[in-house]
Amino acid sequence: MLRRLANSQALFNGFHKTIPSLFNLHSHNRHFSSPETQNNSTSSSFHEDNSVNPNEANEEPSLPSAKLSIDRSGLFNPPEHSHEPSSDSELVKHLKGIIKFRGGPISIAEYMEEVLTNPKDGYYMNRDVFGSGGDFITSPEVSQMFGEMIGVWAMCLWEQMGQPDNVNIVELGPGRGTLMADLLRGASKFEKFTKSLHIHMVECSPTLQKLQYKTLKCEDEDVSGSSGDKRTVSMFSGAPVSWHTTLEQVPSGLPTIIIAHEFFDALPIHQFQKASRGWSEKMVDVADDSSFRFVLLPQPTPAILSLMKRYKWAAKEDIAKLEQIEVCPKGMELTHTIAKRIGSDGGGALIIDYGLNKVVSDSLQAIRKHKFVDILDNPGSADLSAYVDFASIRHSAEEASENIAVYGPISQSQFLGLLGINFRVEALMQNCTDEQADLLMSGYWRLVGEGEAPFWEGPDDQTPIGMGTRYLAMAIVNKKQGAPAPFNESQD
Ligand code: SAH
C-alpha cells in the first residue's frame with residue numbers, strides 16, 4: 001500500500017479494490033423504497049459520524065429524439081417577417097433576434113452557450129435545476145459518499161504535494177455546492193489539510209452562487225485590522241471561500257487542486273456533418289413557421305480550425321467511419337488554462353464526466369424533468385450537455401504544458417473503488433436505519449454499478465441505474481508529484 005493512501009485507508013479502515021465484493025457481502029434481500037428526499041448534507045464526518053444522508057431518485061430517460069432537418073434555403077432567404085408568437089420566452093426572442101440580425105444561422109456552440117449561460121435568461125442563471133424536483137441529478141446529489149471520496153483524492157494529492165500550508169482548492173461549476181460541503185465535512189478530522197485550503201468556486205450563476213454560500217454554511221467576517229473589509233469563510237472548516245466566473249480569475253501563486261465534475265459537458269460544442277463537399281458545420285436557424293431548425297452551412301466556419309486540430313489527434317480509422325463529429329474549443333481552451341496553472345503552481349486537476357476516450361460523434365442532448373427532449377424545443381427550459389472527449393482533453397493538456405502529466409481516463413467505478421468506497425459504504429451501513437440502508441445501497445449502485453441494480457425489489461420504474469462505467473475520471477497533475485492516487489493503482 002502506498003503511503004499517500006494511508007489517510008484514506010485510515011478513513012475507511014481498509015481498502016477494497018473490487019466493487020462486486022460488497023454485493024457478495026450484502027446479498028441480503030431488502031425492499032428498496034423510492035428515494036424521494038434530497039441529499040441535505042446532514043452533519044457527518046468520515047470518522048466520527050457515519051450517519052447517512054437520504055438520496056434521490058434518478059429516472060433513466062429514453063433516447064434523444066432531436067430531429068435533424070437539413071435545409072439550406074433559410075440561410076440565403078431568411079424569412080422577412082418571422083412570425084413571433086407571444087408565447088416565445090425572452091430567451092427564444094433573443095435567439096431569434098441574433099439569427100435575424102445576422103441574416104443567417106448561429107453555430108450550435110453559440111446556441112448552447114446562450115441557452116445555458118445567457119446572463120439574463122440562461123438555463124443555469126436563475127434557478128436550482130438539480131435533484132428529483134429539478135431536471136437532472138448528479139453524483140454529489142445521489143450520495144454524500146461522492147464528495148467524501150473526492151475529498152480522499154484531494155487529500156492524497158495534498159500529501160503528495162508535501163502537505164503545503166496553503167492550497168487553492170478550485171471547483172468548476174459547483175452546482176448546489178454539495179460536493180465541496182461533503183468534501184469539507186468528510187475531511188474535517190484532518191485539520192492540517194482543511195486549514196490549508198483556500199476555496200474558490202468558479203460559478204457563472206448568481207442564483208447557484210447564493211445556494212453554494214448556504215450549502216457551505218458561509219459567514220462573512222471582518223478582516224482584523226482593516227476598515228470594513230470582509231472575507232467569507234465556511235463554517236465547516238473556517239476556510240476562506242470566494243467566487244469567480246472563470247478559472248482565470250482565481251489568483252495564482254499557490255499550489256492548486258482543481259475539481260471539475262459535470263462541468264466540461266456543459267461547455268458549448270460545435271457539430272460537423274459529412275457532406276459531399278466535405279465537413280460542414282451544423283447550425284441553428286429559424287424556419288418559415290418561426291420554429292428553430294438545424295441547417296448545414298456550405299462554407300467553412302471559424303470552428304473548422306478546432307476540427308482540424310481534433311482531426312490531427314484522432315486515429316484515421318476512427319474518423320473515417322464517422323458521419324458527424326463534435327468538437328469543443330471551449331473545453332480545449334479550459335484544459336490549456338488548467339494545464340498551465342497546474343504546470344506553474346503545482347497540484348492537480350480531477351475531471352469526472354460522462355464521455356468517451358476518443359472523438360465524439362453525435363451526443364448533444366437536452367434533458368427536462370429527467371426526460372430527454374428535443375434540443376430545439378423551448379430552449380432555456382432544459383439542460384443541454386454533450387459527451388466529453390477525454391482524448392481531446394489529454395492532447396490539449398499535453399500541448400499546453402511540459403510540466404504536467406495526464407492520467408486516465410478510468411471508469412468512475414474503478415476510481416471510487418480504488419479509493420475505497422466499499423469500506424465507506426460498509427462503515428455507513430453499520431450505523432443506519434433500514435430506510436437509510438436502502439438509500440445508501442441504491443446511491444452506491446448509482447455511483448459504481450453498471451445498468452440496473454440486481455438487488456432491486458421495488459417498482460421497476462424506480463430501479464437504480466448504475467453510472468459507474470458511463471462516467472470517466474481523468475487527472476492532470478504536475479509531474480513533480482508523480483502519479484496520483486488511484487491512477488497509480490489502476491490497470492488502465
Ligand atoms: N458540479 C455540479 C453541477 C454540474 S452542472 C454537480 O455535479 O452537481 C454545471 C455547473 O456548471 C452549474 O453549476 C452551472 O451553473 C455551471 N456552469 C455551466 N457553465 C458555466 C460556465 N461557462 N462558467 C461557469 N460556470 C458554469
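Predicted model: local features only at pLDDT ≥ 70, side-chain atom pairs only at ≥ 80, totals over all residues.
A polar contact is a pair of N or O atoms within 3.5 Å of each other.

At glycine 173, a backbone N or O atom lies 2.7 Å from a nitrogen atom of the ligand. A polar backbone atom of cysteine 204 is 3.3 Å from a nitrogen atom of the ligand. Histidine 261 takes part through its side chain: an N or O atom there is 2.6 Å from an oxygen atom of the ligand. How much of the ligand does the protein bury? Taken alone, the ligand exposes 570 Å², and the protein buries 92% of that.

The ligand has 15 residues around it, and those that come nearest are Thr138, Gly173, Gly175, Glu203 and His261. Sorted by class, this shell holds seven nonpolar, six polar and two charged residues.

Next come the cavities. Searching the whole structure gives three cavities of 30 Å³ or more. The largest cavity has a volume of about 170 Å³, and 17 residues line it. Closest to its centre are Ile269, Cys328, Tyr387, Val388 and Asp389. Which helices and strands each supply at least two residues of this lining? They are strand 11 (324-327), helix 13 (329-345), strand 16 (388-389) and helix 14 (390-400). By class, the lining of the largest cavity consists of eleven nonpolar, two polar and four charged residues.

Helix 16 shows burial along a helix. This helix covers residues 421-429, and eight of its nine residues are buried, so helix 16 is largely enclosed by the rest of the structure.

Asparagine 168 is found in strand 2, which runs over residues 167-172. Is asparagine 168 buried or exposed? Its relative accessibility is 3%, and buried means under 20%, so asparagine 168 counts as buried. The side chain of asparagine 168 makes a polar contact with the side chain of histidine 200, at 2.9 Å. A polar atom of the asparagine 168 side chain also lies 3.1 Å from the backbone oxygen of proline 251.

Definitions and conventions
Residues numbered from 1 in each chain as written. Heavy atoms only, no water. Near = heavy atom within 4 Å. Polar contact = N/O pair within 3.5 Å; in protein donor to acceptor, adjacent residues only side chain to side chain. Areas by Shrake-Rupley, 256 points an atom, 1.4 Å probe, with all protein chains shown as cover. Nonpolar A, V, L, I, M, F, W, Y, C, P; charged D, E, K, R; others polar. 1 Å grid on protein atoms, 1.4 Å probe; cavity = no way out; pocket = protein on both sides within 12 Å on 5 of 7 lines; lining within 4 Å. Points joined across faces, edges and corners; volume = space filled by probe spheres on them. Helix = DSSP H or I, 4+ residues; strand = E, 2+ residues; numbered from the N terminus. Buried < 20%, exposed > 50% of the residue type's maximum accessible area, 1.4 Å probe, protein only.
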